[in-house]
Structure formats: C-alpha cells, structure tokens
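This report looks at one residue and its surroundings in a protein model. The structure is shown first.

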Amino acid sequence: MASDQTRSAILAAAERLYADRGFGDVTLRDIVAEANVNLAAVNYHFGSKDELIAELFVTRSIQTNRERLNELKAAEEAGGGRAAIEDIMRALVGPTLRGCLGPDREGSTAARFMIRASIESVPPIRRIKNREVDHLRKFAAAMRRAMPGRDDTEMYWGLHFALAMAHHTIREKERLLRLSEGKCDLDDVRAIIDRVVTVSVMALTMNDVPSKPAMRPVVVHGRLTRQDL
C-alpha cells in the first residue's frame with residue numbers, strides 16, 4: 001500500500017472506531033487491525049494516539065470553520081461591510097449544527113466522530129480548542145461592527161454562550177427528546193438554528209429594550225396596605 005493510501009486508511013479506520021466506541025476504548029492495535037496496516041505505520045505517520053486524534057479533529061474542524069467564515073463573509077458583503085448580528089450568529093452556529101444533526105447527517109462517520117469529540121473531553125482535543133481561536137476573533141470583530149459601542153466583554157460572552165448552546169444541543173439531544181417526550185424535533189435543524197440564534201441575539205440586545213418603570217404601590221391614607229405590597 002502506498003504511503004498516502006496507508007495514511008488515509010489509518011485515518012478512516014480511526015475515525016470509524018472512535019465514532020463507534022469513543023476515544024478511551026480504542027487502542028492503536030484496534031486501529032491497525034481495522035486499517036489492515038502494521039503498528040509501525042501509525043508511528044511513522046502520526047507518532048502517537050494523541051497525534052492521530054488531533055489530526056482527525058483538526059481536519060474536521062477546518063471544514064466547519066471554513067464554512068463558518070464563508071457564511072460570515074457572505075453576510076458582511078451583503079450588508080455592505082457590516083452584517084446583522086442575527087446573520088453573524090447564524091454563521092457561527094449553523095455549520096456546527098447542520099454538520100451533526102438531522103437524519104441526513106448524524107448517522108455519518110464524520111458527524112458521529114465530532115459528536116464524540118464534543119462529549120468526551122480528551123487532552124489533544126482540549127488543547128486544540130483552547131489554542132485555535134483565530135477564526136472566532138473574526139466573529140468577535142464582525143460583532144463589534146454590527147453593534148458599535150457595545151462592551152467587548154459582552155461580545156465575548158455572547159459568542160461563548162452561542163457556541164455553548166449549539167454544542168450542548170448536540171451532546172444532549174437524546175435527553176431533550178426524552179424530557180420533551182418527542183415534542184422537541186431534533187430533525188428540524190433549521191428550526192434549532194433559529195432558536196439558538198434568537199436566544200443569542202436576545203442576550204446581546206436585551207439592554208437595548210427600554211425597561212418598563214416599576215409599578216409604584218398606591219398609598220392609602222398615608223400608609224401602605226397589604227394589598228399594595
């Protein structure tokens with residue numbers, strides 16, 4: 001088997017096994033058996049199990065991040081350089097949710113691998129998530145353009161919570177189905193994206209809505225009655 005074919009066979013076998021069984025239960029020997037290669041080939045191409053996991057995660061993440069940035073760019077171009085905050089949030093969470101949810105995606109090996117990566121906290125994936133934030137900085141910059149004058153801290157929290165909602169929905173979809181007795185449709189990915197976007201935008205813009213003045217209790221005969229409290 002040629003070197004490139006060997007590498008591809010190892011990656012494909014590892015992704016299938018990790019998607020099916022998780023990161024902790026799969027050994028390198030399992031992977032070489034599935035790929036029909038020898039252990040030396042894994043060590044040659046990747047060096048270690050952690051490096052193999054990292055390679056898979058980076059490959060899938062690059063695809064998602066590219067889709068995010070393409071959608072963000074299109075939204076900003078359509079807005080003359082400044083996208084609506086709703087469109088920014090949609091570009092941020094849409095690719096992740098579409099990639100992992102829905103009957104046409106969630107059965108795929110790639111989607112199941114990324115769901116595992118979201119559920120199981122393994123060191124190589126944590127390191128990548130904590131390090132690779134450049135694409136998220138581009139979203140933060142777009143949010144500043146969309147909401148000039150808004151405190152940066154609020155922008156970062158808003159971005160963080162939007163991502164958290166998307167990932168939690170992916171991780172805990174079975175619990176939500178059971179809790180709602182099937183009322184929450186996890187196959188309607190467009191509606192899920194709409195919900196996440198709506199809540200995210202609401203959190204970012206809630207201070208823009210004038211609050212109603214508090215109702216003042218009525219004073220009867222110079223004192224408050226129990227009914228007034």
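Which side chains does a polar contact of 2.9 Å join?

## Arg-68 and its contacts

The side chains joined by this polar contact are those of Arg-68 and Thr-96. A polar contact is a pair of N or O atoms within 3.5 Å; within protein, one must be able to donate a hydrogen and the other to accept it, and residues adjacent in sequence count only if both atoms are side-chain atoms.

Arg-68 lies in helix H4, residues 49-78. Arg-68 is buried and forms no salt bridge, and the nearest side chain of opposite charge, Glu-67, is 8.4 Å away. Buried means under 20% relative accessible area (1.4 Å probe, protein chains only). A salt bridge needs a side-chain nitrogen of Lys or Arg within 4 Å of a carboxyl oxygen of Asp or Glu. Beyond neighbours within four places in sequence, the contacts of Arg-68 include Ala-91, His-135, Phe-139 and Leu-163, where contact means heavy atoms within 4.5 Å.

## The fold

The protein has eleven helices and zero strands; these are DSSP runs, with helices (H or I) of at least four residues and strands (E) of at least two. Of its 229 residues, 37% are buried.

## Basis of the values

This is a predicted model, in which local features need pLDDT of at least 70 and side-chain atom pairs count only at pLDDT 80 or more, while totals for chains, interfaces and linings use all residues. Residues are numbered from 1 along each chain as its sequence is written, and side-chain values use heavy atoms, with hydrogens and water left out.

Note on methods
Buried means under 20% relative accessible area, exposed over 50%, partly exposed in between (1.4 Å probe, protein chains only). Lys and Arg count as positive and Asp and Glu as negative; His and the chain ends are not counted.
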